[in-house]
Amino acid sequence: MEPMKESSNVTRLPGAEDIRLREPPHNFEAEQALLGAILINNAAYQRVAEFLRPEHFADPLHGKLFDSLSRLIERGQVVSAVTLKTYVEQDEDMKAAGGATYLARLAAASVHVIDATAFGQAVHDLYLRRQLIDLGEGVVNGAFGGDVDETALHQIETAEKKLYDLASSGQTEGGFKPFRVALTEATVAAEAAYRRVGQLTGVASGLFQLDQLLGGLHRSDLIILAGRPSMGKTALATNIAFNAARAYREEIVEGKPKAVDGAVVGFFSLEMSSEQLATRMLAEQAEVPSEKIRKGELITSDFDRVLSVSHELEHLNFFIDDTPALSIAALRTRARRLKRTHGLGLLVVDYLQLLSPSGKNRQDNRVQEVSEITRGLKTLAKELDVPVLALSQLSRAVEQREDKRPQLSDLRESGSIEQDADVVMFVYREEYYLTRSEPTRRAEESDQRFNERHEGWRQRCEQTYGKAEVIVAKQRHGPTGIVRLSFEGQFTKFGNLAADGEGPGPVFE
């Protein structure tokens, strides 16, 4: 049995055939039939309980009755027109509608329990339509309004967020799934990893040892990449994002494109402009110092190489948003839009301390603000089912220690960063600290002792030159460890080290 079609709800004015007064869409008959089905057989309630709420009914009386039915059924009571007779006789609204006679009329209008889901979905769909009409009126009125503190772009972002939230609330599927379904999904992911080059279940970073330790960047994971200024956080994130975008490959599965390698990348650059980020990528791939590109100090061969690489990169599935001081709500809206329009396989945020909380949730306490931001990023990772790589600053406590390798306790401003993250990685370059700590002669020190200390410092500088460490301090689903990489500062490029630490290739500690 199909749900009844909703009434046209059109009232024609005398002498004005072309003017129509439209009422919000509703279907009172479908609501009555559903309530009657529940009264006849309480099993009908279980078919709509997950997605239907009292406020979804157009008739407030129907919503009130559904609320009463649901509360009684949830208590384990059997509900029927007979058991509800006392209730309706005590309620003024029910008495006005006819009391027990009204319940009998509902029971007479009932549908088969099997059809209850379709009728419930029809009621829910009409509710969404009414909400959409209200949302549209709000957008129109807001656009006509003259609030100088609210820009048009902010209104658009707010409207898009409300639309997305309405679409999310409109999903009538979800909840528990049988273990066999989850097991099948896990098996499919394992099979895809087995067939993929490198045998990774996540998005490959292009850095062999890091991929070996992490298994790639996994969907729905929040990965924190932290470090002190000038350690190379942005460079490493850019390298990973570029490698993922370059490796992107899709196949048509069941009539739809599906990524089988690499990822479509969304990069939120709150610190650097899109032009600066593009310059870094050009320098990395063309192996031309980024400083020379910025200053225009290029010889003909360098410029030709930059142009050639630029043509190769222009078709990458790589999208940059360099809006400064972005709120977590706006970031979520734009990420959802990118997912919807182009697909999304990896999201990078540089960096999370530059994000601001939602407008209504701004706190005087910065720790609470950062907590909201990290929770929002983790929720977004799960919602979009993509890895989110977020960069983070470290506190100055690192500089006060003899051993300046970062620790989890150095995460700045909030312990929620460590708590919400699935993976926490630190970038560390000993070379950075050594070059800034050349020994000076002490007053009582002999020439020999000073020369020994200076020689030891020089040798250590040579040993650490062009090398970096990525310290995986937390991994929710795997081991921790240290990944040793090469680093070419002039090209802002991280790479793999050979087993002897001197050439290209993977190494693991």
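Student: Is phenylalanine 66 buried or exposed?
Tutor: Phenylalanine 66 is buried, at a relative accessible area of 2%; buried means under 20%, exposed over 50% and partly exposed in between, with a 1.4 Å probe and protein chains only. The model is predicted, so local features need pLDDT of at least 70 and side-chain atom pairs pLDDT 80 or more, while totals for chains, interfaces and linings use all residues. Residues are numbered from 1 along each chain as its sequence is written, and side-chain values use heavy atoms, without hydrogens and water.

Student: How many aromatic pairs are there in the whole structure?
Tutor: The search finds four, where rings of Phe, Tyr and Trp (its six-membered ring) pair if their centres lie within 6.5 Å, and planes under 30 degrees apart count as stacked, over 60 as edge-to-face and the rest as tilted. One of them is the tilted pair of tyrosine 45 and phenylalanine 66, with 5.9 Å centre to centre and 45° between the planes. This pair links distant parts of the chain, 21 residues apart: tyrosine 45 belongs to helix H2 (residues 43–48) and phenylalanine 66 to helix H3. Helices (H or I, at least four residues) and strands (E, at least two) are DSSP runs, numbered from the N terminus.

Student: And tyrosine 45, buried or exposed?
Tutor: Tyrosine 45 is buried, with a relative accessible area of 5%.

Student: What about phenylalanine 267 and phenylalanine 318?
Tutor: Phenylalanine 267 and phenylalanine 318 form a stacked pair, 5.9 Å centre to centre with 25° between the planes. Phenylalanine 267 is buried at 1% relative accessible area, and phenylalanine 318 counts as buried at 13%.

Student: Back to H3: which residues of H1 meet it?
Tutor: Phe28, Glu31, Gln32, Leu35, Ile38 and Leu39 in H1 meet His62, Leu65, Phe66, Leu69 and Ile73 in H3, contact being heavy atoms within 4.5 Å.

Student: New topic: which residue has a positive phi of about 60°?
Tutor: That is aspartate 385, although it is not a glycine. Most residues other than glycine have a negative phi. Aspartate 385 sits in the loop between helix H16 (366–384) and strand S9 (388–393), and at 33% relative accessibility it counts as partly exposed.

Student: Where is serine 220 found?
Tutor: Serine 220 lies in the loop between helix H10 (208–214) and strand S3 (222–227). Its phi is near 70°, again a positive value in a residue other than glycine.
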